[in-house]
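Please read the following alongside the sequence and the coordinates.

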Amino acid sequence: MLEECGLPYNMIPVDISKGEQFRPEFLAISPNNRMPAIVDHDGPGGKPISVFESGAILQYLGRKTGKFYPKDEGGRVEVEQWLFWQMANLGPKAGEANHFRNYAAEKLPYAIDRFANEMHRIYGVMNTRLADREFLAGKYSIADMACIGWASRAERFGHDLSEFPNVRRWRDAVMARPAVTRGLSVKVEAAFRVDMKDPNVRAVLFNQRAGTGISGQ
Ligand SMILES: N[C@@H](CCC(=O)N[C@@H](CS)C(=O)NCC(=O)O)C(=O)O
């Protein structure tokens with residue numbers, strides 16, 4: 001969204017494999033210890049404002065710029081349904097599918113199948129939606145931006161999109177946008193060196209309970 005709108009930004013990496021998401025200064029802007037979170041130094045009334053949850057960030061930037069988030073109620077509802085659909089379905093289920101397939105120490109067939117089936121269902125819903133429109137809300141919007149992250153890497157996460165030609169056509173169209181290429185190429189080298197088998201990394205990422213990080217672990 002920042003690239004699409006040509007807004008200047010400074011990306012600050014948070015090393016979640018080392019527990020940086022529990023630092024007080026990050027929790028102050030993102031109390032759910034998850035990224036992304038933003039600080040807009042030119043918020044309402046010219047004052048700084050912070051926003052966490054990617055859907056809320058996209059809506060905020062859409063309202064601020066007037067781009068990719070229609071102002072009319074009908075158009076807005078179209079976008080919001082699919083934005084919230086990502087937050088409640090594609091995002092969390094893809095995350096759990098990835099967890100049980102790639103990260104769980106024990107390979108649990110029930111959990112692996114459950115989330116693989118959910119991903120199949122979810123891509124099916126998307127495929128039907130995209131049968132008669134180019135983008136999720138008709139015109140390209142923040143809803144497409146919310147969904148492209150997981151969809152762009154579907155095969156890498158073991159989801160076969162060959163049954164879902166409309167999703168593939170949509171994905172190609174979104175990926176062909178120069179701003180999307182620029183946005184997805186913002187990478188942090190250290191992220192590629194994280195060893196997901198390291199017990200310290202696993203303890204930080206997979207054993208979180210209320211209070212994790214408070215004692216500095
Ligand atoms: N619903 C959230 C999901 C954010 C999310 O899960 N972020 C992961 C990215 S890897 C994270 O920050 N994880 C940190 C952790 O698990 O402690 C959003 O869309 O912003």
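By class, how many nonpolar, polar and charged residues does the lining of the second largest pocket have? In this predicted model, the lining has eight nonpolar residues, three polar ones and three charged ones. Together these 14 residues line the second largest pocket, and Ala116, Met119, Gly158, His159 and Asp160 are those that lie nearest its centre. The space in this pocket comes to about 190 Å³. At least two lining residues are supplied by each of helix H4 (73-103) and helix H5 (109-129), with H5 giving the largest share of the lining, namely six residues.

Helix H4 also contains Asn98, which counts as buried because its relative accessibility is 8%, under the 20% limit that the term requires. The side chain of Asn98 makes a polar contact, at 2.5 Å, with the side chain of Asn102. When residues up to four places away in sequence are not counted, Asn98 touches Tyr103 and Phe157.

We turn next to the cysteines. A disulfide is a covalent bond between the sulfur atoms of two cysteines, and a search of the whole structure finds zero of them. Cys5 is in no disulfide, and the nearest cysteine sulfur to it, that of Cys147, is 17 Å away.

Most residues other than glycine have a negative phi, and most peptide bonds are trans. Against that background, the peptide bond that joins Met35 and Pro36 is cis, with omega at about 10°, and Pro36 lies in the loop between helix H2 (24-27) and strand S1 (37-40). Asn33 is found in the loop between H2 and S1 too, and its phi is near 45°, a positive value in a residue other than glycine. Is Asn33 buried or exposed? Asn33 counts as buried because its relative accessibility is 14%.

Another positive phi, of about 75°, belongs to Glu53, although Glu53 is not a glycine. Glu53 has its place in the loop between strand S2 (49-52) and helix H3 (54-65), and with a relative accessible area of 40% Glu53 is partly exposed.

Notes:
Residues are numbered from 1 along each chain as its sequence is written. This is a predicted model: local features need pLDDT of at least 70, side-chain atom pairs count only at pLDDT 80 or more; totals for chains, interfaces and linings use all residues. Side-chain values use heavy atoms; hydrogens and water are left out. On a 1 Å grid over the protein atoms alone, a cavity is a set of points where a 1.4 Å probe fits but cannot get out, and a pocket is an open set with protein on both sides within 12 Å along at least five of seven lines; lining residues have an atom within 4 Å of a point. Grid points are joined across faces, edges and corners, and a volume is the space filled by probe spheres set on the points. Helices (H or I, at least four residues) and strands (E, at least two) are DSSP runs, numbered from the N terminus. Ala, Val, Leu, Ile, Met, Phe, Trp, Tyr, Cys and Pro count as nonpolar, Asp, Glu, Lys and Arg as charged, and the others, Gly among them, as polar. Buried means under 20% relative accessible area, exposed over 50%, partly exposed in between (1.4 Å probe, protein chains only). A polar contact is a pair of N or O atoms within 3.5 Å; within protein, one must be able to donate a hydrogen and the other to accept it, and residues adjacent in sequence count only if both atoms are side-chain atoms. Contact means heavy atoms within 4.5 Å. A disulfide is a pair of cysteine sulfur atoms within 2.5 Å.
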